[in-house]
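Q: I'd like to go through some contacts in this model. Can you put it up?

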Amino acid sequence: MNIAVVGLGIIGGSFCKAIKKYTNHYVIGINRTEATAQKAFECGAVDEIGSPESLSKADLIILCMFPKADVDFIEKNGKYIKKTAIVTDASGIKQEICPQLCRLSGEYDFTFIGSHPMAGKEKNGFDVSDADLYKGASYIITPCGAENEKVEFLSDFAKSIGFGVVKISTPEEHDRMIAFTSQLPHVLACAYVLSPCCKNHKGFSAGSYRDVSRVANINSKLWSELFLENKEPLVNELDTLIKNISMIKTAIENDNKNELADLLEQAHKVKQELGE
């Protein structure tokens, strides 16, 4: 089939490379910056540098831009999409954009299915995209009312390019869980490296520092948008984190060894029960 990938950063670029490596599909790359699209073409990640008009021949369209940019792009160019096409996104939030993209799918008569590839790197851009970025990763689908056979089609496509697990969810459940599994760790990492001690960590740090600080190498514009568009679930998780940190802090301040050990043991048991 013909697949249009819109936005050729690390996520979109990795989709292109994975499709070319693992399938025989034809890939149309659409990107705001012409130089990046040319680079994708020259390395064989895309078969064609496309334009909005190219959407008319795409069977599957994958939106890989910032959430608001995804919506803006379809609002402007939905008229080019054929009625049999499936449009999906790769956004890290769903409640904010799924209703808008569903509305546009009704307006332009295509099928929209939300999705989110659970993979990435600390660096961004096409240059760090990777055909195997999604190998074994989880792919979350929010059907948004789409027919089961089309949801299964998207699920099969995801598995064909390396995804190991396909999770079906609602936009609400997706955003609630992503606040915990993805957004909260990014907040924690950023808050952690803002310590004055961070600049002098070399020679004093090992795996613990690396593990906690890794995702602080962040795309600030993207993650600011994701945090604000998932405000309520993220604030709830932050409240829980702050409460738990405060309990540990209080036990340390009060030299309460038993209370401190109990809190640490609770955490240890949670990880043990999860088998991690």
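A: One term to begin with: a charge sits over a ring if NZ of Lys or CZ of Arg is within 6 Å of the ring centre and within 35 degrees of the ring normal. Note that this is a predicted model.

Q: Which ring does the charged end of K17 sit over?
A: The ring of F126, with the charged end of K17 4.6 Å from the ring centre.

Q: Aromatic pairs next. How many are there?
A: The count comes to 6 aromatic pairs. One of them is F15 with F163, at 6.3 Å centre to centre and 40° between the planes, which is a tilted arrangement.

Q: Where in the chain are F15 and F163?
A: In distant parts, 148 residues apart. F15 belongs to helix α1 (residues 10-22), and F163 to the loop between α5 (148-160) and β8 (165-168).

Q: Is F15 buried or exposed? And F163, buried or exposed?
A: F15 has 1% relative accessibility, so it counts as buried. F163 is at 3%, so F163 counts as buried too. The cut-off for buried is under 20%.

Q: Which residues are in the ring cluster?
A: F15, Y134, Y139 and F163, linked by ring pairs.

Q: Switching to helices. How do α3 and α4 pack?
A: Helix α3 (residues 67-77) and helix α4 (residues 98-108) pack at about 10°, and their axes are 10 Å apart. That angle makes α3 roughly parallel to α4.

Q: Which residues make the contact?
A: From α3, D70, V71, I74 and E75; from α4, Q100, L101, R103, L104 and Y108. They divide into 5 nonpolar, 1 polar and 3 charged.

Definitions and conventions:
Residues numbered from 1 in each chain as written. Predicted model: local features only at pLDDT ≥ 70, side-chain atom pairs only at ≥ 80, totals over all residues. Heavy atoms only, no water. Axes fitted to C-alpha atoms, helices over the stretch in contact; angles between N-to-C directions. Helix = DSSP H or I, 4+ residues; strand = E, 2+ residues; numbered from the N terminus. Parallel < 35°, antiparallel > 145°, perpendicular 65-115°, else oblique. Contact = heavy atoms within 4.5 Å. Nonpolar A, V, L, I, M, F, W, Y, C, P; charged D, E, K, R; others polar. Phe/Tyr/Trp six-rings, centres within 6.5 Å; stacked < 30°, edge-to-face > 60°. Buried < 20%, exposed > 50% of the residue type's maximum accessible area, 1.4 Å probe, protein only.
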